[in-house]
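Student: I would like to go through some of the labels used for this chain. Please show me the model.

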Amino acid sequence: MEDIFVTRQAIHDSHHEVVGYELLYHDGSISNASPCNDAEQSAQLIANTFIGIGLENLVGSSKAFINLSHDFFSNEHPIPMGSYQMVLEVPGDCIEDEQVYQELRQLARQGYTLSLYDYEYNAATAERLDCIDIVKLDISKYDAKALKEQTRYYRNHGKRLHIKGLETDSQQLLCSQLGIDYFQGSLFSPIENIKGQTTACNHQLLHEIAKSATQQPDDITALACIISQDPTLCFKLLRYINCASFEERSEIHSMEQALTLIGSTTLKQWALLLLTAQLNEPQENKFTTAALIRANMCRELAQKELTISSDEAFVVGLFSTLEEALETPLEDLLDSISLSPATAFALIFGEGPLGHLLRQVKHFEKEEWKKLDTHHIARDDYTNSYQNALRNIQTSCC
């Protein structure tokens with residue numbers, strides 16, 4: 001496990017109500033964060049927000065003002081998140097770059113709210129404000145007269161205004177008189193550094209996912225087979241689905257269903273985002289092999305029980321070692337994803353047919369033959385399923 005950080009500060013409306021939080025990249029080595037310098041930092045910020053710490057833990061139901069760099073857009077990095085809870089903060093030089101400007105226009109057409117920062121009003125580029133919804137100004141850079149001029153410029157273009165760096169009551173009064181829409185600064189809320197933990201990603205599998213999603217986008221079964229080789233990567237995907245600005249949570253019964261929810265294009269974007277974030281390659285994890293054996297055994301044995309879903313049985317086995325692998329209580333992990341109740345109860349409490357099946361597989365692993373239930377499943381079936389599971393792992397096929 002490795003520590004991750006996101007810096008946030010609340011953003012208030014004219015009634016002093018919190019409407020969102022600005023989120024900035026933070027590597028843990030400095031007291032406060034600053035705007036993202038490059039595509040890697042931008043990707044890490046998105047990954048830490050949506051997959052590591054969790055959007056709901058950072059902003060709740062408020063808006064997330066995600067700070068991104070010019071480099072992130074100039075390299076056409078995808079944003080695999082829905083638009084309804086996000087505000088993309090982009091630096092002023094983005095609208096001076098024709099390629100990036102066209103990309104921002106496309107994002108605006110897709111419904112994303114764009115906020116422009118570090119931009120000096122220029123009549124030559126003012127027409128490119130058409131894709132911008134909000135302009136953010138640092139109050140420390142302007143006296144009262146200059147701020148009034150800036151306000152007039154952007155109001156004439158129909159933009160909402162966001163003032164950051166407010167420290168005094170007199171500054172706040174001036175902004176209120178100017179009809180500023182959003183207020184941010186130590187006068188209202190402190191800057192907070194939020195810490196979480198994550199695991200490194202399997203780069204080889206991420207490359208395989210991106211390649212398969214490009215070459216065979218309709219083959220969801222093949223994509224599910226690839227990602228199911230890594231339980232922690234599966235967990236990251238479900239974590240992402242749970243909070244990546246999808247408006248409603250859906251119960252997950254299988255990895256194929258999870259991939260169907262987001263589609264191959266979004267899956268590819270998600271994989272490329274994690275690769276851009278350049279997290280370290282994971283060390284070999286003994287829990288991964290154990291989970292894959294259990295997952296394959298549970299699925300094969302479930303096919304002999306008409307009351308058990310083989311897809312859910314696979315997920316139960318796959319996630320059965322998450323607590324040890326991620327060093328986090330299982331209840332906390334499952335609270336951040338939307339597994340079916342039957343799957344969650346089997347994992348946490350060992351309840352139901354799925355819980356019973358998982359216990360039997362664990363008894364087989366420990367050679368606890370007297371505890372093994374052979375009323376419905378023969379002893380040889382356990383052995384055969386174990387041998388088949390080993391073959392599946394060796395051939396890297398789920």
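Student: Why is Trp-369 called partly exposed?

Tutor: First, this is a predicted model, in which local features need pLDDT of at least 70, side-chain atom pairs count only at pLDDT 80 or more, and totals for chains, interfaces and linings use all residues. Residues are numbered from 1 along each chain as its sequence is written, and side-chain values use heavy atoms, with hydrogens and water left out. Now the label: buried means under 20% relative accessible area, exposed over 50%, and partly exposed in between, with a 1.4 Å probe and protein chains only. Trp-369 has 36% relative accessibility, so Trp-369 counts as partly exposed.

Student: What makes Phe-364 buried or exposed?

Tutor: Its relative accessibility is 10%, so Phe-364 counts as buried.

Student: Which label do Phe-345 and Phe-349 get, and why?

Tutor: Phe-345 counts as partly exposed because its relative accessibility is 41%. Phe-349 has a relative accessible area of 53% and is therefore exposed.

Student: Why is the pair of Phe-364 and Trp-369 called edge-to-face?

Tutor: Rings of Phe, Tyr and Trp (its six-membered ring) pair if their centres lie within 6.5 Å; planes under 30 degrees apart count as stacked, over 60 as edge-to-face and the rest as tilted. The ring centres of Phe-364 and Trp-369 are 5.6 Å apart and the planes are at 70 degrees, so the pair is edge-to-face.

Student: How many aromatic pairs does this rule give?

Tutor: The count is 11. One of them joins Phe-345 and Phe-349, with 6.0 Å centre to centre and 50 degrees between the planes, and is tilted.

Student: Why are Phe-345 and Phe-349 separated by about one helical turn?

Tutor: Helices (H or I, at least four residues) and strands (E, at least two) are DSSP runs, numbered from the N terminus. Phe-345 and Phe-349 are four residues apart in helix H15 (residues 341-349), so about one helical turn separates them.

Student: How do you know that Arg-8 lies over the face of Tyr-21?

Tutor: A charge sits over a ring if NZ of Lys or CZ of Arg is within 6 Å of the ring centre and within 35 degrees of the ring normal. Arg-8 lies over the face of Tyr-21 at 4.9 Å from the ring centre. Lys-136 lies over the face of Tyr-117, at 5.2 Å from the ring centre.

Student: Where is His-16 found?

Tutor: His-16 is in the loop between strand E1 (2-12) and strand E2 (18-26). It has a positive phi of about 70 degrees although it is not a glycine.
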